[in-house]
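Visitor: I am new to this structure and would like to learn how to read it. Could you show me the model and walk me through a few features?

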Amino acid sequence: MPRQISYRWRLRELMAARGMFTVAELMPHLAARGITLSASQVHRLVSGTPERLSLPVLATLCDILDCTPTDLIATSAQNLPARRAAGEEAPINLAARRPTRVRLTPEG
């Protein structure tokens with residue numbers, strides 16, 4: 001059965017729980033651990049959901065926030081309804097395929 005996997009990036013929540021509310025407060029912690037990112041990169045990391053994230057940055061964020069990757073990335077999965085395979089027969093609704101009688105009326 002196919003499954004849909006989703007995730008939620010919780011960096012902003014964890015920062016707030018530790019008293020950090022701005023990008024400027026996070027940047028010195030990153031720099032002290034050897035991660036040099038621009039202010040705009042850190043802003044995107046905090047305000048958005050990253051599609052790609054390097055393991056050194058993830059490990060550094062976990063160290064700064066004293067958390068695990070599981071705390072930063074909340075995942076969920078759900079089953080999707082099965083899709084019909086190509087060529088698989090679906091039940092035919094005969095009422096929908098029955099022709100209707102046409103009534104001809106004289107013009108006038």
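Guide: Here is a short tour of a helix, the cysteines and a threonine. This is a predicted model, where local features need pLDDT of at least 70, side-chain atom pairs count only at pLDDT 80 or more, and totals for chains, interfaces and linings use all residues. Residues are numbered from 1 along each chain as its sequence is written, and side-chain values use heavy atoms, leaving out hydrogens and water.

Visitor: Which residues are buried in helix α3?

Guide: Buried means under 20% relative accessible area, exposed over 50%, and partly exposed in between (1.4 Å probe, protein chains only). Helices (H or I, at least four residues) and strands (E, at least two) are DSSP runs, numbered from the N terminus. In α3, residues 39-47, the buried ones are Val42, Leu45 and Val46. They line one face of the helix, because seen down its axis they fall within an arc of 95°, taken from the directions from the helix axis to the C-beta atoms.

Visitor: What covers the buried residues of α3?

Guide: Contact means heavy atoms within 4.5 Å. The cover includes β1 (3-9), α1 (11-17), α2 (23-32) and α4 (55-65).

Visitor: How many disulfides does the structure hold?

Guide: A disulfide is a pair of cysteine sulfur atoms within 2.5 Å. The structure has zero. For Cys62, the nearest cysteine sulfur is that of Cys67, 4.3 Å away. Cys62 is buried at 8% relative accessible area, and Cys67 is buried at 11%.

Visitor: Which residues does Thr60 touch, not counting residues up to four places away in sequence?

Guide: Thr60 belongs to helix α4 and is buried, at 9% relative accessibility. With those sequence neighbours left out, Thr60 touches Leu30, Arg33 and Ile35.
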